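Here are my notes on this one, as numbered points. Have the coordinates open while you read.

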Amino acid sequence: LRIALFITTHASGKHETFMQCMPQILQRLPGLSHADVILYVGRSDTATRSRFKTLLDKWPCGNKSMHVGANPGYQKGAMLAAHMGFSSGWFDGYDWVIRMNPD
């Protein structure tokens, strides 16, 4: 099975902590540690992009990709990220896409 973990974030401090903790958690979950990761960051400034790319690189997963875009807020932001994933083909070829909320 091809599995993707789809995480959306507005880059809050809590979400950054989530990104720091996940490598240790995934190492204990062999089924998910081989999944691909698709991260959508709802802030496009260079510092945030760099910080979250560094955090994502530490995850013990397969292919990892990060996409950066707008965040219209709350549910609209999550819906925009999902729309971008479907309309841009990010989820093509996966048997399962698991959306994870860092909160």
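1. Burial terms come up throughout, so here they are: buried means under 20% relative accessible area, exposed over 50%, and partly exposed in between, with a 1.4 Å probe and protein chains only. Tyr-74 sits in helix α4, and its phi is near 40 degrees, a positive value in a residue other than glycine.

2. Some ground rules. This is a predicted model, where local features need pLDDT of at least 70 and side-chain atom pairs count only at pLDDT 80 or more, while totals for chains, interfaces and linings use all residues. Residues are numbered from 1 along each chain as its sequence is written, and side-chain values use heavy atoms, with hydrogens and water left out.

3. Now the fold. Helices (H or I, at least four residues) and strands (E, at least two) are DSSP runs, numbered from the N terminus. There are four helices and four strands, in the order β-α-α-β-α-β-α-β along the sequence. The radius of gyration is 13 Å, close to the 13 Å that the globule rule gives for 103 residues, so the protein is as compact as a globular protein of that length. (That radius is taken over C-alpha atoms, and the rule is 2.2 Å times the number of residues to the power 0.38.) Along the principal axes, the C-alpha atoms fill a box of roughly 35 × 30 × 20 Å.

4. Contact here means heavy atoms within 4.5 Å. Among contacts between residues at least 6 apart in sequence, 80% join residues at least 24 apart.

5. How big is the largest pocket, by volume? About 260 Å³. Points are joined across faces, edges and corners, and the volume is the space filled by probe spheres set on them.

6. Of the 17 lining residues, those closest to the pocket centre are Thr-8, His-10, Tyr-74, Ala-78 and Arg-99. Helix α4 gives the largest share of the lining, five residues; β1 (3-9) and α4 (74-88) each supply at least two. The lining divides into five nonpolar, ten polar and two charged residues. For that count, Ala, Val, Leu, Ile, Met, Phe, Trp, Tyr, Cys and Pro are nonpolar, Asp, Glu, Lys and Arg charged, and the others, Gly among them, polar.

7. Take a look at Ala-11, in the loop between β1 and α1. Its phi is near 70 degrees, again positive in a residue other than glycine, and at 6% relative accessibility Ala-11 is buried. Thr-48, in helix α3 (residues 46-57), is buried at 0%. Leaving aside neighbours within four places in sequence, Thr-48 is in contact with Ala-11, Val-41 and Arg-43.

8. Last, Pro-102, in the segment after β4 (96-100). Is Pro-102 buried or exposed? Buried, with a relative accessible area of 9%. Beyond its neighbours within four places in sequence, Pro-102 is in contact with Ile-7, Thr-8, Thr-9, His-15 and Phe-18.

Definitions and conventions. 1 Å grid on protein atoms, 1.4 Å probe; cavity = no way out; pocket = protein on both sides within 12 Å on 5 of 7 lines; lining within 4 Å.
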